[in-house]
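Trainee: Could you walk me through this one? I'm new to it and would like to ask as we go.

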Amino acid sequence: MIFALIGAIVAEFVGAQAGLGMLIQSMNFTMDVAGQFSVLLLLSIIGLCLNWTVTGVRRRVLFWDASQKFNEEAASKKAAEA
């Protein structure tokens, strides 16, 4: 999921007329460092929200996934040991 977000931003660097990638590039030309960091912070928050959403949907839909059972069993063992 994160690679899709990075790919969209890079595509905006190259050929977009508007968007967050174009905004970062225009702020780079005007040396607006605070503006660049604010857009990067916004992009990181969007990335985290998308990651949490996909993880939640994956847990909800793929409840039979063996890796999820392994993670839950490991967490319950750690909780029992503590």
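**Getting to know the helices**

Trainee: Where is Gln-25 placed?
Mentor: Before we start, this is a predicted model, where local features need pLDDT of at least 70, side-chain atom pairs count only at pLDDT 80 or more, and totals for chains, interfaces and linings use all residues. Residues are numbered from 1 along each chain as its sequence is written, and side-chain values use heavy atoms, with hydrogens and water left out. Helices here are DSSP runs (H or I, at least four residues; strands are E, at least two), numbered from the N terminus. On that numbering, the place of Gln-25 is in helix H2.

Trainee: Is Gln-25 buried, partly exposed or exposed?
Mentor: Buried means under 20% relative accessible area, exposed means over 50%, and partly exposed is in between (1.4 Å probe, protein chains only). Gln-25 has a relative accessible area of 23%, so Gln-25 is partly exposed.

Trainee: How many helices and strands does the protein have?
Mentor: Along the sequence, the pattern reads α-α-α-α. The count comes to 4 helices and 0 strands.

Trainee: What share of the protein's residues is buried?
Mentor: The protein has 82 residues.

Trainee: How are H2 and H3 oriented to each other?
Mentor: Axes are lines fitted to C-alpha atoms, for helices over the stretch in contact, and angles run from 0 to 180 degrees between N-to-C directions. The axes of H2 (residues 20-29) and H3 (residues 33-61) come within 9 Å and cross at roughly 160°. Angles under 35 degrees count as roughly parallel, over 145 as roughly antiparallel, 65 to 115 as roughly perpendicular and the rest as oblique. H2 and H3 are therefore roughly antiparallel.

Trainee: Which residues of H2 make the contact with H3?
Mentor: Contact means heavy atoms within 4.5 Å. On the H3 side, the residues are Gly-35, Gln-36, Val-39, Leu-40, Leu-42, Leu-43 and Ile-46. On the H2 side, they are Leu-20, Leu-23, Ile-24, Met-27 and Asn-28.

Trainee: How many nonpolar residues does the contact of H2 with H3 have?
Mentor: Ala, Val, Leu, Ile, Met, Phe, Trp, Tyr, Cys and Pro count as nonpolar, Asp, Glu, Lys and Arg as charged, and the others, Gly among them, as polar. By those classes, the contact has 3 polar and no charged residues, and the nonpolar ones number 9.

Trainee: Is Gln-36 buried or exposed?
Mentor: Gln-36 sits in helix H3. Not counting residues up to four places away in sequence, Gln-36 touches Ile-24, Met-27 and Asn-28. Its relative accessibility is 17%, so Gln-36 counts as buried.

Trainee: Which residues form the largest nonpolar core?
Mentor: A nonpolar core is a set of buried Ala, Val, Leu, Ile, Met, Phe, Trp, Tyr and Cys residues joined through side-chain atoms within 4.5 Å. The largest one has 6 residues: Leu-5, Ile-9, Ile-24, Met-27, Val-39 and Leu-43. Helix H1 (2-15), H2 and H3 each supply at least two residues of this core. The names to remember are Leu-5, Ile-9, Ile-24, Met-27, Val-39 and Leu-43.

Trainee: What is the phi of Met-31?
Mentor: Met-31 lies in the loop between H2 and H3. With a relative accessible area of 68%, Met-31 is exposed. Although Met-31 is not a glycine, its phi is positive, at about 60°.
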